[in-house]
Amino acid sequence: MSIVLAVVVVVLVVVGGSAFFVLRSKKPKAMEVGTETETKPALKSPAGAPSLEGEEAGSKEPVISRGLDGSLPKSRSLLGSALARMRAKRALGEEFWVELEEALILSDLGLDLSVDLVESVRNKVYKEGVTATDAALEMLREEMIERLDHSNRDLNLGDAPPSVVLFVGVNGVGKTTSIGKLAALLSSEGKKVVVAAGDTFRAAAAEQLEMWAQRSDVQVVKGASGADPASVVFDAISHGAAVGADFVLADTAGRLQNRQNLMDELKKIRRVAEKASGTVTEVLLVLDATTGQNGLLQAQGFAEAASVTGVILTKLDGTAKGGVAFAIEDKLHIPIKFVGLGEGILDLVPFDPKAFVYEITGEVSQ
Ligand SMILES: Nc1nc2c(ncn2[C@@H]2O[C@H](COP(=O)(O)OP(=O)(O)OP(=O)(O)O)[C@@H](O)[C@H]2O)c(=O)[nH]1
């Protein structure tokens, strides 16, 4: 009897022990689900993406740029998660609308716009007798796309080349990086590009621009450190005209929108650039999407002082919100022309409202 008992105990220990090891060895895998592995955005090459080589030195693999629908991992889109929770409830009552408004505000759309959007969707829902949350959320999506869908997002061109594009914005938002990416994009489309190192304030900016320019084989015009930025931009435009460039992309130093003297300097750069070229076809305000509604204040300040014609919304890969895009277009009527989705040379893509709305509401667009 005791031998039988001993055998049973040994069997139990062995089976239990191995079960324990099986469980332990499985645990890390289970943890991957729903975190890193599952939520990593799919790497997609956007339609018309330039086929440039990998940017890292020695990299043999081409860098694949992300499409907008892969930029915000679903589990990180705040609005997408909130809408998924609301859809699951399947009840279209007061609570639903309050929750929706909160979710929009939390995603950086701003109070006024969030209230307005909810009001408008709610009216449509009642008018059309919609009772399902699914259908209401689809209406929200349509309304969001409509609010973004009426701007010209192409780069403005002048009557005669080169078209001059000034990049402005506060410090560290990604102006220099965006110039590098846009130069690569344009030159991959066969355009001749000259870049102007007009940020003569930050010592490393000109070198940074030179590095970007080398990668896409575009020319850089720079001045001495501390040189008058307007004269650097003037020289670059003259050079661009002489070599038959299609575009001159001009960097400027980062500045706060409420510093009058720095805004005056921007006006001077613009005046001088216009003397050299006849027209500055585009003033692109670079905004960091992770700064949320603060971006709207920046846009207001720069729009007044520098006649901004378009926005580049950078670092969308670093935020779960992104709603500031709606606030900028709805309040200021400035079109978002490009979005930055990372630090690589191909991580700048034309803004596509539909893909963007599907992205931040948590579904992939068809
Ligand atoms: N993740 C991510 N990082 C970006 C993006 N765009 C720029 N960056 C990073 O943001 C940092 C600042 O970029 P810069 O291009 O130097 O910014 P800047 O506006 O020229 O800076 P100042 O000259 O100081 O005003 C760098 O580390 C860039 O790699 C983007 O779309 N996504």
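Predicted model: local features only at pLDDT ≥ 70, side-chain atom pairs only at ≥ 80, totals over all residues.

User: Which domains is the protein divided into?
Analyst: There is domain 1, covering 68-148, and domain 2, covering 163-350. Their C-alpha centres lie 33 Å apart.

User: How many residues are in contact across the two domains?
Analyst: On the domain 1 side there are 15, and they are in contact with 17 residues of domain 2. Helix H6 (residues 133-148) gives the most to that side of domain 1, with three residues. By type, the side of domain 1 that touches domain 2 has eight nonpolar, four polar and three charged residues.

User: Nice. Now the ligand: which residues are closest to the ligand?
Analyst: The closest are Gly 174, Thr 176, Thr 177, Gly 254 and Gly 340, out of 22 residues that surround the ligand. Helix H7 (residues 175-188) gives the most to this shell, with three residues.

User: Let's look at H8. Which residues of H8 are buried?
Analyst: Those are Ala 205, Ala 206, Leu 209, Trp 212, Ala 213 and Ser 216. They sit on the same side of H8, because the arc they cover around the axis is only 125°. The cover over these buried residues includes H7, strand S2 (193-196) and strand S3 (219-221).

User: What span does H8 reach from its first C-alpha to its last?
Analyst: Helix H8 (residues 205-216) reaches 17 Å with its 12 residues, close to the 16 Å expected at 1.5 Å a residue. Asp 217 follows H8 and has a positive phi, near 60°.

User: Moving on to H9, what covers its buried residues?
Analyst: The cover includes strand S1 (163-168), S2, S3, strand S4 (247-250) and helix H10 (260-277). The buried residues of H9 are Pro 229, Ala 230, Val 232, Val 233, Phe 234, Ala 236, Ile 237 and Gly 240. After H9 comes Gly 244, with a positive phi near 75°.

User: I also want to check the backbone before I use this. Where is there a cis peptide bond?
Analyst: One joins Pro 161 and Pro 162, with omega about 0°. Pro 162 lies in the loop between H6 and S1.

User: And what is phi for Ser 307?
Analyst: Phi of Ser 307 is near 45°, a positive value in a residue other than glycine. Ser 307 is in the loop between helix H11 (294-306) and strand S6 (310-314).

User: Why does Ser 307 count as partly exposed?
Analyst: Because Ser 307 has 13 C-beta neighbours inside 10 Å, while a residue is exposed at 12 or fewer and buried at 20 or more.

User: Last one: is Lys 315 buried or exposed?
Analyst: Lys 315 is buried, as 22 other C-beta atoms lie within 10 Å. Lys 315 also has a positive phi of about 60°, although not a glycine, and is found in the loop between S6 and helix H12 (324-332).

Terms used
Residues numbered from 1 in each chain as written. Near = placed C-beta within 6 Å. Helix = DSSP H or I, 4+ residues; strand = E, 2+ residues; numbered from the N terminus. Domains from an automatic or database assignment. Contact = placed C-beta atoms within 7 Å. Nonpolar A, V, L, I, M, F, W, Y, C, P; charged D, E, K, R; others polar. Expected span 1.5 Å × (residues − 1). Arc of directions from axis to C-beta.
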